[in-house]
Amino acid sequence: MDYKRRLEQRYPFFDYKDFYDFVAAKNFNTHVEVGCWLGYSTVYLAKRVSHLYAVDLWTLTSSRQAFDADFIDLQLIIGDEIFKTFKENLKINQVKNVTPLRCMSDRAAELFTSVDFVFIDADHSYNAVKKDIAAWLPKTKMLAGHDYNHLSVKRAVDEIGEPKTMGNVWYYEDCDSLRNEELKSDT
Ligand SMILES: C[S@@+](CC[C@H](N)C(=O)[O-])C[C@H]1O[C@@H](n2cnc3c(N)ncnc32)[C@H](O)[C@@H]1O
């Protein structure tokens, strides 16, 4: 079986169409997806919004410990093929409103002063999710992410408030209020 088929069958990460429909209905201007992999979630959201920034390393990442040996083998074998496949998937689906930012999530956050929506589905370790939240929370109106059923993710996400959930997605719809609460508790 070719590597693409193996990847698609073994790692069908994208299971949050309902959530992306919910976000698209808000008619935000600036959307950021952190953690795009082969681009299935990216294509779905991009087809429903005006523009999407796609942030990923598309290479071996610090999240590799979270996956099994087969995943690591595949990444080593295919190297840059992940990014090529991502771009191919955009092309096949005639998606032209995506700007890929090939860098670490926190570096990407430095490029923005304010955005409307950020979705985090990158490195799922506690420290990484904390870092992603710290990078994006000061900049976004709405913050969300995948895999709330991972204990490491849940712990990091619950530390900033009480998120709403939809399936396995966590989200904070009003980050302005969250930031104000944080400020109050600091003083
Ligand atoms: C679970 S996959 C994303 C799946 C995708 N959202 C989907 O539904 O198909 C996680 C992705 O996060 C990326 N990643 C991990 N840590 C990252 C970081 N610190 N900055 C940017 N991307 C990262 C990995 O390269 C990988 O492609």
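I took two strands as paired if DSSP finds at least two bridges between them, and with that in hand I opened this predicted model at its hairpin. Strand 6 and strand 7 form that hairpin with 2 residues between them, and G167 in the turn has a positive phi of about 60°.

**Entry: strand 7 and its partners.** I looked up what strand 7 pairs with, and found that strand 6 (residues 164-166) runs antiparallel to strand 7 and is joined to it by 3 bridges. Within that pairing, T165 has W170 of strand 7 as its bridge partner. I then turned to strand 5 (residues 140-145), which also pairs with strand 7 in the antiparallel sense, over 3 bridges; here A144 stands opposite Y171. Checking the side chains of strand 7 (residues 169-172), I noted that V169 and Y171 point one way while W170 and Y172 point the other way, and that all are buried.

Entry: I next followed the strand order, which is 3-2-1-4-5-7-6 in an open sheet of 7 strands with mixed pairing. Strand 3 and strand 6 are the edge strands, each pairing on one side only. Ignoring direction, I read that neighbouring strands of this sheet are turned against each other by 20° on average. Helix 7 (residues 126-136) packs on the sheet, where I found it touching strand 1, strand 4 (115-120) and strand 5, and its direction makes about 175° with that of strand 4. For a parallel pair I went to strand 1 and strand 2 (residues 52-55), which are joined by 4 bridges, and where E33 has A54 in strand 2 as its bridge partner.

**Entry: helix 5.** I asked myself which residues of helix 5 are buried. I found that they are I82, F86 and L90. Seen down the axis of helix 5, these buried residues fall within an arc of 80°, so they line one face of the helix. I recalled that an α-helix has 3.6 residues a turn, so residues three or four places apart point the same way. On the face of helix 5 turned away from the buried side, I listed the exposed residues K84, K91 and I92. I also checked the length of helix 5 (residues 81-92): at 1.5 Å a residue its 12 residues should span 16 Å, and the end C-alpha atoms are 16 Å apart, which agrees.

Entry: Q94 lies in the loop between helix 5 and strand 3 (98-101). Is Q94 buried or exposed? I counted Q94 as exposed, because it has 8 other C-beta atoms within 10 Å and 12 or fewer is the cut-off for that class. N27 likewise is not a glycine and has a positive phi of about 55°; I located N27 in the loop between helix 2 (17-24) and strand 1 (31-34). With 9 other C-beta atoms within 10 Å, N27 is exposed.

**Entry: S114.** I ended at the loop between helix 6 (105-109) and strand 4, where S114 has its place. S114 counts as exposed, with 9 C-beta neighbours inside 10 Å. I also noted that the C-alpha atoms of S114 and K141 are separated by 8.0 Å, although the two residues are 27 residues apart along the chain.

Definitions and conventions
Residues numbered from 1 in each chain as written. Predicted model: local features only at pLDDT ≥ 70, side-chain atom pairs only at ≥ 80, totals over all residues. Expected span 1.5 Å × (residues − 1). Buried ≥ 20, exposed ≤ 12 C-beta atoms within 10 Å, placed from the backbone. Arc of directions from axis to C-beta. Axes fitted to C-alpha atoms, helices over the stretch in contact; angles between N-to-C directions. Contact = placed C-beta atoms within 7 Å.
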